[in-house]
Amino acid sequence: MQHASTPAPATVSALARREIGMLLAGLLSCALLLRLWPRTAGMPWWLWLPAAALLLLAVLGLSQILLMLWARAISRRCADPTPAVTWPGFHDAALREARACLSVFTFEQAFRWRDYPDSLPGGAHDSTQPPLVLIHGYVCNRGIWRRWMRELTHRRWPYASVNLEPVFGPIDRYIPLVDDAVARAASLGSAKPWLVCHSMGGLVARVWAAATPDAEQRIAGIVTLGTPHRGTWLSRLAHTPNGQQMRQHSPWLQALQQRETEQSERLSQIPRLSVHAQTDQIVFPPATATFPSGSNWLVAGVGHVAMARDLKLLARILTWIGTRGGAKTAECR
């Protein structure tokens, strides 16, 4: 099934505008809280904005650490088979995730999501390398890949990306965006592209493959990072269409699994790699991010957002892709 071509999704981002508005609202809220705190009554006026910014950053970072503790407790209660991380490992992962979330949600997605444009036909990239199609997840845009895009640019590795919008639309609505990105990636060289997906992006890739009869001929494989293949406990708190679709045992997930079963002979030809983390505070219990077929990697020391920024993980994935498709590989910078 061919889908209508859409404009290159990297030209606009409603999510960036939304995040800028939320940051401004957060700053004003923190400034108001400080103003109401008796101990700040004598604070000079020029300190209000820096103090409010520091308070906002502290709240955002602490929220991710608390969420990681909550996910750990729920995963234990659910008797998840994934080995639990040690407390020193948890401490390191929590601090790293807090830094990653602060960078992504206050800076990279709002202001720097256009820093590294997608590769273009005839550009400076190495056209012998298999292109990557970078598909982000829930409440994100292509800015979450900024660190990986910088590394891929240094390596001269071609890539295309998407901004999945509407931000809170049904997952099936993103199929044309992926179809367009796959076509753009295929024009970058002679090799078939790989879909590299974070979080909900992996479900977008799965539904695209199920809806595209020649998907196994158009792509080389699918790599997912922290994707709720079996849903996530946290989505029971979601009220958006795509958030509800990611609930464990949701009707949408069951229907997707049924479609994949009916097309198993065709879809089994697509190599798959699923990466999941012990300390994922968004997709948990951790085993929900595994896929029943293909390879499954358990990575330690990273949270949900940090996975999409980990350069060592990127190098490992590129090496794995090289073993599947003959791509040239290089050490991580």
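Predicted model: local features only at pLDDT ≥ 70, side-chain atom pairs only at ≥ 80, totals over all residues.
Q: Where does Val 305 sit?
A: In the loop between β6 (295-299) and α11 (311-325).

Q: And what is Val 305 in contact with, leaving aside neighbours within four places in sequence?
A: Glu 97, Ala 100, Cys 101, Val 104, Phe 105, Ile 144 and His 198.

Q: How far apart are Val 305 and Gly 137?
A: In sequence, 168 residues; in space, 9.8 Å from C-alpha to C-alpha.

Q: Switching to His 125, where is that one?
A: His 125 is in the loop between α3 (87-111) and β1. At 10% relative accessibility, His 125 counts as buried too.

Q: Which backbone oxygen lies 2.9 Å from a polar atom of the His 125 side chain?
A: That's the backbone oxygen of Leu 188. Leu 188 is also among the residues His 125 touches, including Arg 156, Trp 157 and Pro 158.

Q: OK, helix α5. What span should its 12 residues have?
A: At 1.5 Å a residue, α5 (residues 175-186) should span 16 Å, and its end C-alpha atoms are 17 Å apart, which agrees.

Q: Which α5 residues are buried?
A: Ile 175, Leu 177, Val 178, Asp 179, Asp 180, Ala 181, Val 182 and Ala 185.

Q: What covers them?
A: The cover includes strands β1 (132-135), β2 (159-161) and β3 (194-198), plus helices α6 (200-211) and α7 (215-218).

How values were computed. Residues numbered from 1 in each chain as written. Heavy atoms only, no water. Helix = DSSP H or I, 4+ residues; strand = E, 2+ residues; numbered from the N terminus. Expected span 1.5 Å × (residues − 1). Buried < 20%, exposed > 50% of the residue type's maximum accessible area, 1.4 Å probe, protein only. Contact = heavy atoms within 4.5 Å. Polar contact = N/O pair within 3.5 Å; in protein donor to acceptor, adjacent residues only side chain to side chain.
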